[in-house]
Amino acid sequence: LVKKYFPDRIGIMTSLYVSLLILSATMTSLIAVPVATATNWRVALAQWGVFAFMVAVPWLAVLTRDTRSTHAEQLRKGSETPVAAPTRQAPLPLLRSSTAWAIGVTFAVGAFASYAFFAWLPVILVDISHLDLAQAGAFSAIFTLVGIPPALLIPVIAQHVKRPDFILHAGTLLFLGGFVGLIFFPLVTPWLWIGILGLAPLAFPLALTLINLRTESHHTSLQLSGFAQSISYISASFAPIIVGVTYELTGGWTVALILLALVSTAGSFSAFIIRRGRTIEADLALKSYPSASK
């Protein structure tokens, strides 16, 4: 959608999108426990349906506007005949694109630890840092809130540098630093380790930006978005289960945190492909037609 409606402002609009996404996640952590305490868990859960309805309203407005624009274009051309639906682009063989896989892995790294923490961080903090549930919820809000500055900066930086792969290496270092602190010093400034881990998912805003920067057309960005986000969210959906099962098997959180730390290093491996700077179109052309590189 950014590629379609704001092709000349990819960095700025991606920054805005990711920042609002993080802000909404922060609000969830902050008010879930107080609302449930004041009412009950059903009300605390049902309130998000109100926001889902609110989100539908502007999209209905966009749909109406686009329909009217199409009709106005028909009138300008002096025709009342409905315009045929655009031809669907043939699926690209993205499984053969190393760039597509690298962006998918980049996306997955940013989502895996985040989804695990969305599910388990309050419980982890209660167990290893001895916080109460309300404090743990506030710390979860810190985890998401500190991600706003990177969300604002990373898309803009990625659009203006030739090699954004350094962002992935920086994210890996932050992940490792935060996990080391949380594993070995859980009672010492836990807010610091949570803050570092909140800064670490630099791969998430970067991957969203690369979906548009590493494609040459809106149609390709649509297919790459579906491909990369499928890898990401399928992986992320298993994260809470894997962490929970690991806790059950080991009786503690240490092994689960070590596992999350190891997964976070995958971003640095995908960085070696991202650094080449190829678009999906060029990547597939090079694979299909070796002479294209000459």
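Predicted model: local features only at pLDDT ≥ 70, side-chain atom pairs only at ≥ 80, totals over all residues.
The side chain of Asp8 meets that of Arg9 in a salt bridge, with a distance of 3.7 Å from N to O. Arg9 is partly exposed, because its relative accessible area is 43%.

Side chains of opposite charge can pair when their charged atoms come close. How many salt bridges does the count come to? The count comes to three, and the pair of Arg9 and Asp8 is one of them.

## Two salt bridges with a buried partner

Asp165 forms a salt bridge with Arg163, and the closest N and O atoms of this pair are 3.2 Å apart. Is Asp165 buried or exposed? Asp165 counts as buried because its relative accessibility is 3%, and the limit for a buried residue is under 20%. Arg163, at 42% relative accessibility, counts as partly exposed.

Arg278 forms a salt bridge with Asp283, where the closest N and O atoms are 3.3 Å apart. Asp283 has 0% relative accessibility and so counts as buried. Arg278 is partly exposed, with a relative accessible area of 30%.

## The chain as a whole

The secondary structure of the chain comes to 13 helices and zero strands.

The chain has 294 residues, of which 39% are buried. Its accessible surface comes to about 15,800 Å², and carbon and sulfur atoms account for 72% of that area. Among the contacts between residues at least 6 apart in sequence, 78% join residues at least 24 apart.

## The nonpolar cores

The largest nonpolar core has 30 residues, and Ile103, Phe107 and Leu206 touch the most other members. The helices that each supply at least two residues of this core are H2 (10-38), H4 (98-128), H6 (148-160), H7 (165-184), H9 (203-213), H10 (218-250), H12 (266-274) and H13 (280-288). Which helix gives the most to this core? Helix H9 does, with seven residues.

Phe107 may be considered in detail. When residues up to four places away in sequence are not counted, Phe107 touches Phe204, Ala207, Leu208, Ile211, Ala228, Gln229, Ser232 and Tyr233. A second, separate core has 27 residues, and these include Phe143, Phe175, Phe179 and Ala261.

## The buried side of helix H11

Which residues of helix H11 (residues 254-264) are buried? They are Ala256, Leu257, Leu260, Ala261 and Ser264. These residues lie on the same side of H11, because they cover an arc of only 140° around the axis.

The buried residues of H11 pack against H4, H7, H10 and H12. Ala261 belongs to this buried group, and Ala261 is also included in the second core.

## A nonpolar patch on the surface

Nonpolar residues also occur at the surface. Met27, Val50, Phe51, Phe53, Met54 and Val57 form a nonpolar patch there, with about 570 Å² of accessible area together. Helix H3 (residues 41-76) contributes the largest share of the patch, namely five residues.

Phe53 is placed in helix H3. Is Phe53 buried or exposed? Phe53 counts as exposed because its relative accessibility is 61%.

## Two loop residues with positive phi

Most residues other than glycine have a negative phi. His130 has a positive phi, near 60°, and is a residue other than glycine. Where is His130? His130 is in the loop between H4 and helix H5 (133-145). Its relative accessible area is 58%, so His130 is exposed.

Thr189 is also a residue other than glycine with a positive phi, here near 40°. Thr189 is found in the loop between H7 and helix H8 (190-199). Thr189 is partly exposed, because its relative accessible area is 30%.

Note on methods: Residues numbered from 1 in each chain as written. Heavy atoms only, no water. Patch = residues over 30% accessible without salt bridge, like charges linked within 9 Å, V, L, I, M, F, W, Y side chains within 5 Å. Areas by Shrake-Rupley, 256 points an atom, 1.4 Å probe, with all protein chains shown as cover. Salt bridge = Lys/Arg side-chain N within 4 Å of Asp/Glu carboxyl O. Helix = DSSP H or I, 4+ residues; strand = E, 2+ residues; numbered from the N terminus. Buried < 20%, exposed > 50% of the residue type's maximum accessible area, 1.4 Å probe, protein only. Core = buried A, V, L, I, M, F, W, Y, C linked by side-chain atoms within 4.5 Å. Contact = heavy atoms within 4.5 Å. Arc of directions from axis to C-beta.
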